[in-house]
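Student: I have just opened this structure. Can we go through it in short steps?

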Amino acid sequence: MSSPAPAVASPVPPKSAAPLLETEIPLVNGPAVPYVEIETLRAREFIPQAKEALSSLLREQMEGKLLRPVFNWAGRNSLFPLHWGLACCAIEFAAAFGARWDAERFGVVPRSSPRQCDLLIVNGTVTWKVAHKLITLYEQMPEPKWVIAMGNCATGGGPFRTAYSVVPGVDKLVPVDIYIAGCPPRPEALLDGILQLEELIRRRGE
Amino acid sequence: MATDDLATQLAPRAGANILAVEPFQGLTARVRFRPEGALDVFRAVHDDLGYDHLSMVGAIDWVDHREVFYIVWSDVTKQYLGLSADLTGDAPHIESATPVWPSANWHEREAWELVGVAFDHHPDMRHLLMPDDYAFHPLLRSFKLHEPEELEVKSRSV
Amino acid sequence: MWVNMGPQHPMTHGLWNLRVKIDGELIVDVDPEVGYLHRGIEKISEDRHYNEIITLMDRCCYVAGIAWEHVYIGAAENALHITAPERAQWLRVMCDELQRLASHIMWYAAFVQDLGLMSPFLYGMRDRDLILDLFQSFTGGRLTYEYNRVGGVRNDVPSGFTDRCRKVMDWLMDRFVEYDRLCLGSEIFRRRCDGLGVLKAKECVDLGVTGPMLRSAGVARDLRKDRPYAVYDRVEFDVAKADAADVTARYLVRMEEMRQSVRIVRQTLDWLDHHPGPVLADHLPRWLGAPYAPMGNEGYLLKRNFPRGTGFAAVEEPHGEAQAYVVNTGGEHPYRTKFRSPVFVNLSAAKHYMIGYRVADIPPIMGSVDICVGEVDR
């Protein structure tokens, strides 16, 4: 086009003006095409766009972006740790579920089967003899799952770091989300670790 | 002297195998005996002296030789008695105490595993504390502890 | 058929594996598998100073840390020829008995929960926290105290401690009545515990079983009476005993022991009120980490000239007789330490008190042994 169309002239003519097939409509950025072709063009564009939108919606849902906040909210308020006492920290772990600290008010309920759990609290020293059993238990837990290394032994071997039979930190075996310092950590520290894990889960996927 | 009494009481059945009866901090006395006559000494201590309760079996690596020690308790005299034997040679071994004191079973398994002292005629000699394929005796003096090597850390991106 | 119960099983209360051979519901053979928590405490001790090993002792048995400190300290003081002052001995006795209360209450909470009664767990943990608060007020820790030192204890109890402790003891004596009513009055408890896990006195002695398991078989053997250490010959108490040798008998023995512990604690508090004094021996060599030791080279001179020796000590720990054997060859570190754990021996006898019972009887029987895996594996 040599000159832009006057502002008063509508690019789309009224339907009654002329037979549709003969009408030529100037397109903004392309050659003039018949009106019907524009309709088909729009339809042709719409289908992939709709496909794109739908599939991205599906993909988001697959990835959990759409309903992820809902899942995160539900998941972080009902963390089920595995009922497994390794060493000293297991006593403080038990104390956290006692009358004074009552961890169950945060929705934390220990379960005995790894298949019902989404949280592995490694509460004690991990030795090489138990290492592959710990990995088996971790792999039996359904996704999504989290790991808390409770105490110095699980974090880095603690006072037994140099011993011949001790794994120097459980992060050599399974991915760890939260480390809690202390030997053993007090029940308050465990509760704080669980709350920090909840914060981590809330921000998941952002 | 308690040590003299002990020596005379042990003499009829195990006199030839007793090397010394010496005072010991925290115990009534300690009886040093020849490892060859171990079972005779155990029987004499158990039957004649009435030490019917075996508390502990342990072994020490003194680099040039190894020592096995036993702590036994008598309910009659309310006393602890120590027994000890020095084992020499490349493959130190001593007769198992399980026929006399059945409770020696796990103690001897542990002593073999950690210090490498063999117990002959032990009913069930297997690894106790370490995995079955563990090839070392960690409580030997030649076994040194060191800082763990750097291992790969598994991290997760949230 | 062999069945593994553990290392992750709600029955185990720790990290061990009970391999059971069953024929239908009947237990034909058992094979306890331990070592999952073997941390090499005896080996690490070879590289540590005498006072640094106390840290390991707390972690060795995590429900009876201060009793295990006493075991080690007794042997180390014997090996180094050091004697603790009188007030430190009384404080150690008080700590031992408070720890026995805490340990037995922890056992009660965990054991009865296994039988299907939930409220004893909550009651037990509530009362145990009161004892741990007392510990915290003078040691600073809840589970791991590092309170004993070679030659005494680290610090004295704060002012007002004895009155607070007496209040807790009075509270506990009332709670024991409640505990008994919850358990002995419960039909579930009696049906699951009576006549199970019987181990008679002769077998107990042969197998080396000690502690409440032995006393429940009618043998009134208690190192605190038979071979008094510290100041146990100066306090009055009775040795708890039962005859049935089954799970209920072990429950009764532990309950009676708690009452006797309260009695001993009250006597120690009376003594502590009226006899102030030092709690750490004078003239300790500097390399033992004593706060007021002479500065300069004196400490090293003392180290060179320190007598060698081997020490042995035995203590009636909440689980049974614990013993330590410390070899001192004149260095800063012990040459060899060896610890005898009562639970190690009690567990090794499992074959003799489990065969012939049913699979459902395993939690009450193993619960009544009161297993602490830290001291089994060390």
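Student: Which residues in α4(C) meet α11(C)?
Tutor: This is a predicted model. On the α11(C) side, the contact involves C:R254, C:E257, C:M258, C:S261, C:I264, C:V265, C:T268, C:W271 and C:L272. Facing them in α4(C) are C:W90, C:V93, C:M94, C:E97, C:L98, C:R100, C:L101, C:H104 and C:W107.

Student: How many residues of the contact of α4(C) with α11(C) are nonpolar?
Tutor: Three residues of this contact are polar and four are charged. The nonpolar ones number 11.

Student: Are α4(C) and α11(C) roughly parallel or roughly antiparallel?
Tutor: Helix α4 spans residues 86-114 of chain C, and helix α11 spans residues 247-274 of chain C. Their axes are 9 Å apart, at an angle of about 150°. Angles over 145 degrees count as roughly antiparallel. That angle therefore makes α4(C), relative to α11(C), roughly antiparallel.

Student: Is the crossing of α4(C) and α11(C) left-handed or right-handed?
Tutor: Handedness is a further detail of this packing. The crossing of the two helices, α4(C) and α11(C), is left-handed.

Student: Which residue in the hairpin of β2(C) and β3(C) takes a positive phi?
Tutor: Strands β2 (residues 17-23) and β3 (residues 26-33) of chain C run antiparallel, joined by seven bridges. C:D23 stands opposite C:L26 in β3(C). Two residues lie between the strands of the hairpin. The one with a positive phi, near 65°, is C:G24.

Student: Which element gives the largest share of the side of chain C that touches chain B?
Tutor: Chain C brings 35 residues to this contact, and chain B brings 24. Elements of chain C giving two or more residues include α1 (41-45), α3 (65-80) and β7 (320-328). The largest share is six residues, and it comes from β6(C).

Student: How many residues on the side of chain A that touches chain C are nonpolar?
Tutor: The contact takes 29 residues from chain A and 27 from chain C. In chain A, α3 (88-96) and α4 (128-140) each supply at least two. Eight of the chain A residues are polar and five are charged, while the nonpolar count is 16.

How values were computed:
Residues are numbered from 1 along each chain as its sequence is written. Chains are lettered from A and ligands numbered from 1 in the order in which they are written. This is a predicted model: local features need pLDDT of at least 70, side-chain atom pairs count only at pLDDT 80 or more; totals for chains, interfaces and linings use all residues. Axes are lines fitted to C-alpha atoms, for helices over the stretch in contact, and angles run from 0 to 180 degrees between N-to-C directions. Helices (H or I, at least four residues) and strands (E, at least two) are DSSP runs, numbered from the N terminus. Angles under 35 degrees count as roughly parallel, over 145 as roughly antiparallel, 65 to 115 as roughly perpendicular and the rest as oblique. A crossing is left-handed if the near helix is turned anticlockwise from the far one by less than a right angle, and right-handed if clockwise. Two residues are in contact if their C-beta atoms, placed from the backbone, lie within 7 Å. Ala, Val, Leu, Ile, Met, Phe, Trp, Tyr, Cys and Pro count as nonpolar, Asp, Glu, Lys and Arg as charged, and the others, Gly among them, as polar. Two strands pair if DSSP finds at least two bridges between them.
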